[in-house]
Amino acid sequence: MVTGQVSENSESRFSALLVGAARLPGVRIDREAYLRTALARHCSEDQLRQAMDENPAAAGIPLDVLDRVADAAIRYETAKVSALSAAAGIPGFIAMPATVPADLAQYVAHMLRVAQKLAYLYSWPDLFATDNDDLDDATKGVLTLFFGVMFGTQSANAAVGKVAEAMAEQVAKKLPQQALTKGVVYPIVKKVAGYLGVKMTKETFAKSVSKAIPLVGAAVSGGLTYATFRPMSKRLKTHLSGLELAKPVGGQVIIGEVIKDEDHQAADEVKIPKPGREWRVLKHR
C-alpha cells in the first residue's frame, strides 16, 4: 500500500512538473516554422513544403541530413540550458530555495524543446496542435515516454516504438489517442512517469548540493547540466532516427558531385547510391 502511494505521488510530481514546464514562455516549438528554418539550407522548396504539410520522411529528406540538423539542435539547446544552469548557481546557498526549483523547471523546459525538435525532424506529428495551455493526455503520454527514453528506460523505448508503429499503420497526422490513454501503452506511461518523478527528485537534491558555494557552484551546476543533457538528447535522437517512421520515402540521388579545395584541385568524388541510413559514401581517388 505504501509502495503504491509513493509511486502515485512520484507520478503526480512528474506530471505537475511536465505541465508547469510546458507553460513556460518559449517552450512550445512551432512545428512548421521550425522545419522551414532548420531544413531550408538542405532541401528544395518542394521538399520543404511537403515536409511541413506531411513530414520529412514523406518528403524523402535523407536521414543523414536530418541527423546533422538534429545534432545542431542538440548543441544549441545544451549550450542554452547549461548557461542558464550556471547562472542559477551564482548566488550560492542563500538563494538555493529559489534557484533550484527554477533550474529544474528550465531543465525540463529545454528537454521539452529538444524533444519537440527531434520529433518533428523524425516525422512525428505536431505535439502541441492547439493553443490550450493544458496538455492533452496523449501529448502528456508521448512526452513522458520521450523523457523515459532520454533517461534510458527500456520500457519507454519499446512503448515509443509501439506508438510509432500505430501512426505508421494509420498514416496518421496526429498522436494515437487510444493507444496512449487507454491501450497497452498507457500502463507503461504511468510506470515511466512514476520512475521519472523519483529520478528527478534525486537529481534536484544533487543540484542543490552543487549550488551551495557561490561561483564554484555555478561552474559545477553548469557542467553537470551539460554532462547530462547532451547524452540524454543524443539517446532520444538515436532512438527516433532508428524507427520505421523516420525512414525517407523515395528520395533523391546525388550523383558524382565533385568538390574542389582552395587550390582548385579535384577532391574526393562523393557518390550516394540510395537514400536512407544505409547510404554509403564511395570515394574515388
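Glu77 and Arg113 form a salt bridge, with their closest N and O atoms 2.9 Å apart. A salt bridge here is a side-chain nitrogen of Lys or Arg within 4 Å of a carboxyl oxygen of Asp or Glu. Glu77 belongs to helix H4 and Arg113 to helix H5 (residues 96-121), so the pair ties together parts that are 36 residues apart in sequence. Glu77 is buried, at 0% relative accessibility. Arg113 is buried too, at 12%. Buried means under 20% relative accessible area, exposed over 50%, and partly exposed in between (1.4 Å probe, protein chains only).

This is a predicted model: local features need pLDDT of at least 70, side-chain atom pairs count only at pLDDT 80 or more, and totals for chains, interfaces and linings use all residues. Residues are numbered from 1 along each chain as its sequence is written, and side-chain values use heavy atoms, with hydrogens and water left out.

**Overall layout**

The chain has 10 helices and 3 strands. Both are DSSP runs numbered from the N terminus (helices: H or I, at least four residues; strands: E, at least two). Read from the N terminus, the order is α-α-α-α-α-α-α-α-α-α-β-β-β. Of the 285 residues in the chain, 45% are buried. Contacts are heavy atoms within 4.5 Å. Among those between residues at least 6 apart in sequence, 72% join residues at least 24 apart. The chain exposes about 14800 Å², and carbon and sulfur atoms supply 57% of that area. Accessible areas come from the Shrake-Rupley method with a 1.4 Å probe; for residues, only the protein chains shown count as cover.

**Salt bridges**

The whole structure holds 10 salt bridges.

| Pair | N to O distance |
|---|---|
| Glu77 and Arg113 | 2.9 Å |
| Asp71 and Lys234 | 2.9 Å |
| Glu45 and Arg49 | 3.6 Å |

Asp71 and Lys234 form a salt bridge. This pair links distant parts of the chain: Asp71 sits in helix H4 (residues 63-89) and Lys234 in helix H10 (residues 216-241), 163 residues apart. Asp71 counts as buried, at 18% relative accessibility. Lys234 is partly exposed, at 24%.

Glu45 and Arg49 lie within one helix, H3 (residues 45-53). They are 4 residues apart there, which means a separation of about one helical turn. Glu45 is partly exposed, with a relative accessible area of 38%. Arg49 is partly exposed as well, at 39%. Salt bridges that share partners join Arg36, Glu45, Asp46 and Arg49 into one network.

**Helix H2**

Helix H2 spans residues 31-39, and its buried residues are Arg31, Tyr34, Leu35, Ala38 and Leu39. They cover an arc of only 100 degrees around the axis, so they fall on the same side of H2. The arc is that of the directions from the helix axis to the C-beta atoms. Asp30 caps the N-terminal end of H2. One of its side-chain oxygens lies 3.2 Å from the backbone nitrogen of Glu32.

Which residue has a positive phi although it is not a glycine? Ser123 does, at about 75 degrees. Ser123 lies in the loop between H5 and helix H6 (137-150). Ser123 is buried, with a relative accessible area of 5%.

Conventions:
Polar contact = N/O pair within 3.5 Å; in protein donor to acceptor, adjacent residues only side chain to side chain.
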